[in-house]
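Colleague: I am new to this structure and would like to go through it slowly, asking at each step what stands behind the words you use.

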Number of protein chains: 2
Amino acid sequence: MLKPSLKTKVTRLFGLENPIIQAGMIWCSGWKLASAVSNAGGLGIIGSGSMYPKELEENIKKCQANTKKPFAVNVPLLYPAIEKHIEIIIRNKVPIVFTSAGNPKTHTPKLKSYGIKVVHVVSSVKFAKKAEMAGVDALVAEGFEAGGHNGREETTTLVLVPAVAKAVSIPVIAAGGIGNGQAMAACMALGAEAVQVGTRFVASAESSAHTNFKRYLLEAKEGDTELVMKQLQPVRLLKNDFYKEVKAAELRGAKKEELKKILGRARAKKGMSQGELNEGELEIGQISGYLNNILPAAEIVANMMQECIETIKRTHRSLS
Amino acid sequence: MLKPSLKTKVTRLFGLENPIIQAGMIWCSGWKLASAVSNAGGLGIIGSGSMYPKELEENIKKCQANTKKPFAVNVPLLYPAIEKHIEIIIRNKVPIVFTSAGNPKTHTPKLKSYGIKVVHVVSSVKFAKKAEMAGVDALVAEGFEAGGHNGREETTTLVLVPAVAKAVSIPVIAAGGIGNGQAMAACMALGAEAVQVGTRFVASAESSAHTNFKRYLLEAKEGDTELVMKQLQPVRLLKNDFYKEVKAAELRGAKKEELKKILGRARAKKGMSQGELNEGELEIGQISGYLNNILPAAEIVANMMQECIETIKRTHRSLS
């Protein structure tokens, strides 16, 4: 008997075996993680937001050397060297680009003219419609529970995904709070055609997050992340000394300027790449409070698929 | 052919036709709404938190006169006249009690000794385990997107429900962000045995919310609610003048005392029952941003059931 599989508009759009996409994350998702996820039948994404152009190119080349399957690059549109990144992506024939944090109108037509598929990350119906108008092929609808930078509306995945799926006609990928097959099956019910998973893949053998950060996130308990810095760019952080400093400032009514000063520079690199758990900024999602192991990426994909398929069958059996 | 139905541990526990529970909500859910939902095959709940003992008793008697089906009363355990409420519930043979905001140990044994089924509302795995230990029959796991008072951990429904379902062996009811059958089906996938729906029933013909409040919540757009008052009891509010005053105070670093003064007394009554949209406190969930009609409660139940069943079938068809 054939193993059951889950084919959707997104698996067909990208040529994937499984509708699981590994989120492009600064300091955590280089070629190693991306190629491992792609080899496991998901879509691996290189997070270019923490890379100089030269590093991005190296990562793309190594990813290509390590997988024959589709992979993508995530590009934060506000990245200073964005033009250079786009050029490298085109030159190296990256088949898929995920864009976030910026206006999708600016680069989508160019990328598409080279046959590159473009997906844009949104946190509201309003921006979902704008991105569809800009001509992207699919959307990531990312909820409040996601790690890292996040929407101002604070709409959760459960509320956001059905609303976005209803408002647009292009495929929707759910993100935020998805770390197991139950949540994955739930997102398919909400109308998603795939899920994008971040935090669960930070806690993978192949993620480039510092070992200290990986270990610390396994210790996180429920409620140990919080969305802060809402006056600047809202970001979900794991609670540590740096978080406490930010939070105390916010509670005493600190203004933007003071918050910028506390944030300083290269805090995320310090925490997530260099493993400085007190001084560093640790971007992670709510599900970190419920994770308790580091697994190979392929096992994460296989477990989620199995749980998801079992969940869909179990839910269907409850109909009578 | 029989209409397909959804039978779960919760429909069996309470003797319901459908696994849809209408949340007990201050100023919005009296006997009229509760009996309408129960008559539609769901579980209606009288929200006693905004009622004097005498009013509660009247509501129970009218509910009994208007439905032969099971209904419940919601009791916030920190309510000042709690002993009186419990006495009235027992005397009037209310079959099911939902408790929230307090320690379930205190009243559960007494209620159970009268054959009353007890359900406790939690926002974390930690409190779910404690409530199970206290002997409750089922739990409501309520996420961050829910209206009104809310957990400090800010865990969303998508993240919370599978974690709670895994941690306890009693049935779990999902709450927060559920206003359509897609979200309902998603919650069944997450491991819930029923859903508790608040906001969607505020916007019902039978809800006792003031017409002004009902009209205003239909105008709400995405991002128009926010969880504030985190230093006191976190509460999700619809944005209005009162909200703005609270928010401005929080941004300038106001302490508990000042926030208490701004809150004052009877603000929720003013807003939700008396329809004073500027001065009043309007407690509502995130899905208010996506609602656009007032419907009879029976129609809400029927629509959600149909959408939920269709969603479960659609999701199952995507397996191959």
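Colleague: What makes you say that the span of helix α3 of chain B is close to the one expected?

Modeller: This is a predicted model, in which local features need pLDDT of at least 70 and side-chain atom pairs count only at pLDDT 80 or more, while totals for chains, interfaces and linings use all residues. Residues are numbered from 1 along each chain as its sequence is written, and chains are lettered from A and ligands numbered from 1 in the order in which they are written. Helices (H or I, at least four residues) and strands (E, at least two) are DSSP runs, numbered from the N terminus. The expected span is 1.5 Å times one less than the number of residues; α3(B), residues 53-66, has 14 residues and reaches 20 Å from its first C-alpha to its last, close to the 20 Å expected.

Colleague: Which residues of α3(B) are called buried, and why are they said to line one face of the helix?

Modeller: A residue is buried if 20 or more other C-beta atoms lie within 10 Å of its own, exposed if 12 or fewer, and partly exposed in between, with C-beta atoms placed from the backbone. In α3(B) the buried ones are L56(B), N59(B), I60(B) and C63(B). Seen down the axis of α3(B), they fall within an arc of 100°, so they line one face, the arc being that of the directions from the helix axis to the C-beta atoms. On the other side of α3(B), K54(B), K61(B) and A65(B) are exposed.

Colleague: Why is α2(B) called oblique to α14(B)?

Modeller: Their axes, which are lines fitted to C-alpha atoms, for helices over the stretch in contact, with angles from 0 to 180 degrees between N-to-C directions, come within 8 Å and cross at roughly 40°. Angles under 35 degrees count as roughly parallel, over 145 as roughly antiparallel, 65 to 115 as roughly perpendicular and the rest as oblique, and that makes α2(B) oblique to α14(B).

Colleague: What makes α8(A) and α14(A) oblique to each other?

Modeller: The axes of α8(A) and α14(A) come within 7 Å and cross at roughly 60°, and the two helices are therefore oblique to each other.

Colleague: How many residues of chain A are in contact with chain B?

Modeller: Counting two residues as in contact if their C-beta atoms, placed from the backbone, lie within 7 Å, 48 residues of chain A are in contact with 48 residues of chain B. On the side of chain A that touches chain B, α8(A) gives the most, with six residues.
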